Each structure stands twice: as structure tokens, then as C-alpha cells.
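Subject: Structure handover

Hello,

Here is the structure we talked about. Please open it first; my notes follow below.

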Amino acid sequence: MDIIAAYREAGTYRGAAQITGTTHKTVRRVIARHEAGGAVPPRTPRGHNYDGVAVLVAERVDKTHGRISAKRLLPAARAAGYAGSDRNFRRLVAVQKAAWRREHHRGRRPAVWSPGEHLVIDWGSQGGLRVFCAVLAWCRFRFVRFARDERAETTLALLAECFEVLGGVPGKVLADRMGCLKGGVVANVVVPAPAYVRFAAHYGFRPDFCEAHDPESKGIVEHLVGYAKRDLMVPQAPFADLAAANTAAAAWCAEVNGVTHSETCAVPAEQLVIERELLGPLPSLQASIGRQVTRKVDRLSCVRFGSARYSVPVRLIGHSVRLRTDDGRLLVIMTGTGQVVAEHFLVAPGEASVRDDHYGGPRPAPRRAVRPKTRAEKEFCALGPVAEAFITGAAAAGNTRLGPELAELATLRAAHGEEAFAAALDRAVAFGRWRAADVRSILAAGAGTASPRPAGDALVLELPVVPVRPLADYALGRLS
């Protein structure tokens, strides 16, 4: 049963509402519309408490190109007579800003990149650690490294490392208006810093900067920064140190560059092989980045920096080298070629950082060689290593009469023969007996003395040989 029939039967709004399962207000509206001929009565528009300042808000939003906030605009609205709540005023500002954006949409178009043309770079940060990101635009090859700061020296060093990984230099490097790379702005034109200009001239690319407050113009690297934070920094942090973080970053780049990219439907590492043919060649010399000092390699094949000592290859003794610090490391660079010949972690003043490969291997243990001078010493040492071992052991045991006893040892040698005397010396060394009387006692005991061995060694004995009979002699037929 419909509402009109129920009303005709019940005669009241509430009775019809109980029959139809609705409210009496709904029944009243339906009956009023039916009596008016079926037309919906016009609704009277309701006013808002912010209608008096709507024009003011529209003007301010248009003047600031949709960037002004409701918090900043509220005092002016209060002065103009607005007495509503802050929440209601924020609704008005949001509606006006949305209307302004609809009328002033930029109408962006997707970027079309050319191979070998653009490298886009940007910085990000997460948990106090800075991340440098770069994307070779056409092939989408990604480069990510970590650093402790965003200084110009750090940025240029990582950019040079990126060129080394790519195997070439693109035509342009697009960045936002980084303070480390920007020297100034004149008529909205960015003037690169002098160090950045020299770096670009050395590698042969042109610096390019996007518009101010326009991150969408380099969204290709903005997406990489967010991707690196979500997939690399958050799951694997905290890192043990910067070297471990960069090792993880290199492994992560190898992983993401080896899978198909969702935008290009190709593998970036494979596309890089194609684009590398269009990249500019790398310079033969590395760029001079940051502040460098000159040092001369001393006779210890070391240079001093910050009251500490750092080793360099021995072939550079007497040469002048340049030193540069980078992310807690000290780089030793050849003055003529720009080649990095040594790399150390910075140490505290007074300490030394020495690498064995600079000296051809680890440092040998100190050895005090036996050098006989007198006639008696030369005759005794003529026995060979056993005599040198006897002298070394006797000196270590504190035998102060070793020198005068050499004459007595020479007498024992002449009396018993050189072979027996050498065997006695060997036994004296084995049992730690360092006096001439001990050697005499060993010679007097003869060769029949026991030679004990440490526990666990195999006991080798010479058993006597006896005649044996074959097993055939014990057969049953021969026993009789």
C-alpha cells in the first residue's frame, strides 16, 4: 500500500506512517506534494555565515595563485565581520582554492625523453641520512648513494661516481635549485656556482635547473627518492656505517635496474647498453672537487694531514701529492694525472693509517740475526743453524758466561768430533740447556739416552727382525 492510499484509509499522518512503515513527516510532505498537483515545491536556499567574506576570500586566493592558507586569511576575514567557526572558514577557503585550480590548470603533458640527453638528480633525507638519487631519463637507469651532508663537494663527487657507473656523460643534468649548485638567480634565471661550472666544463655537459616550486618538472627523480626511502632505507635501516649503507645501495640499484620497468616495459640495465653509445666520453683525468692541499711524501712513504699520518705507495717517496677529504675519507691524488693512488678513513690526531699493500705486504716480524765477529764466534757458528739457535736461546735465558764458554765448547767439539757435538747441541736446544757443562753431560751420556716425545705423538720403535715361517708349514698334513 502506498502512502496516499494509507492516508485516505487512516485519515491521519501518524496512522498512515504506521501502516507504511515511515515517519509522519514524510507522509505530510507526500500529501502536500500530491495536493499541489504533483510538483516538487521549490526549496528556499539557505545562507551561510561566511557569505559576507566570500568575495574577499576569492580575491586573496586569486592574488596568491591558490597558495594562501585559511590560517593566514582568517584574521582578515574576522576584521571584515566573519563570526563563524575556524572549521567552517577552512571549508570556504578549500572550495575557493579548488575552484581557482580548475580554472587555472596548467594542462601538463607527459615528458618525451631523448636517449643520451638528460640525467635528472635530486636529494632526499630519511632518519638523518641523506640520499642522492639520479635517473638517466630515457633508459630509466637509477643511481642511489648515501652521504652525511648535501654540500657542493659531496654532490659533485657523487655525480662523478654516477658518470663512472653509467660509462659516459649525458648532454644535460637537470636539478632543482639546490643551494650547493646555485650561485644566484637573476630575472628567474639560475646562475650556476663557479665550482659547478668548472665541473660541467670538465665533463662536457650543460647544467639545467627546473622552475622554482615546481617539483613536477622532475617527477621522474622525485618518484625515485620516495621509492628508495620505502624500499631501501626503511626496511634496511639502521646501517652500521656509511660504507655499509652505500654497499646496500649499490646492491639495491643492481636489483631494480635488472627488472622490467613499469613505464618503459624494458629492463633499464639492457637499455643502458643502447643509450651508452650516445653518451659523451668520460674525461681522461678526474675532476678536482673541493678544497685540496698539497703534501710531499716523506721517507716513510707517508703524508701528514690533520696531525695524523697516512701511507701511500713507496714508489711515490719524494713526490708531491694532493689530499682531499670526502665523506670521512682521505683521498690521495696524483698531481699530474688526477689518479687516486690511496684512500684512507680519517683517523684522530696522533694516529696513523697504514696499508700493507703500499709496502708490498705485511710488515715482517723483527729478527735479530746472529753475526759472529771474533774468531771463536765464527768457528762456533760454522756448525750452522743449530749453533745460531744455541746462541739465541742462551742469550734469551740470560747466560752471561756464554762468551767465555765458547772456548770450552770448542774443546768439546775437537774432543768428540763435529757430528757428535752438533747432535749434543741440538739436544741441548731441544731441552733448553744453555751451558757448556750441560753439553758436556750430554756428550758423556752418549747416544743411548732416551728421547721423550710430547703426549700424543706417534711412538716409532725399531723392533728386532726374527725369522718367520710360512702358513703352509702349519697345515694338518705337515704336523706329523
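Start with helix α8, residues 194–203: its buried residues are Tyr196, Phe199, Ala200 and Tyr203. Buried means under 20% relative accessible area, exposed over 50%, and partly exposed in between (1.4 Å probe, protein chains only). The four lie on the same side of α8, because they cover an arc of only 95 degrees around the axis. That arc is taken from the directions between the helix axis and the C-beta atoms. An α-helix has 3.6 residues a turn, so residues three or four places apart point the same way. Pro194, Arg198 and Ala201 are exposed, on the face turned away from the buried side.

A note on the source. This is a predicted model: local features need pLDDT of at least 70, side-chain atom pairs count only at pLDDT 80 or more, and totals for chains, interfaces and linings use all residues. Residues are numbered from 1 along each chain as its sequence is written, and side-chain values use heavy atoms, without hydrogens and water.

What do the buried residues of α8 pack against? They pack against α7 (152–166), β4 (172–175), β6 (189–192) and β7 (206–209). Contact means heavy atoms within 4.5 Å. Helices (H or I, at least four residues) and strands (E, at least two) are DSSP runs, numbered from the N terminus.

Now the sheet. Five strands form an open sheet in the order β3-β2-β1-β4-β7, with mixed pairing. Two strands pair if DSSP finds at least two bridges between them. β4 and β7 pair in the parallel sense over four bridges. Valine 173 stands opposite proline 207 in β7.

Best wishes
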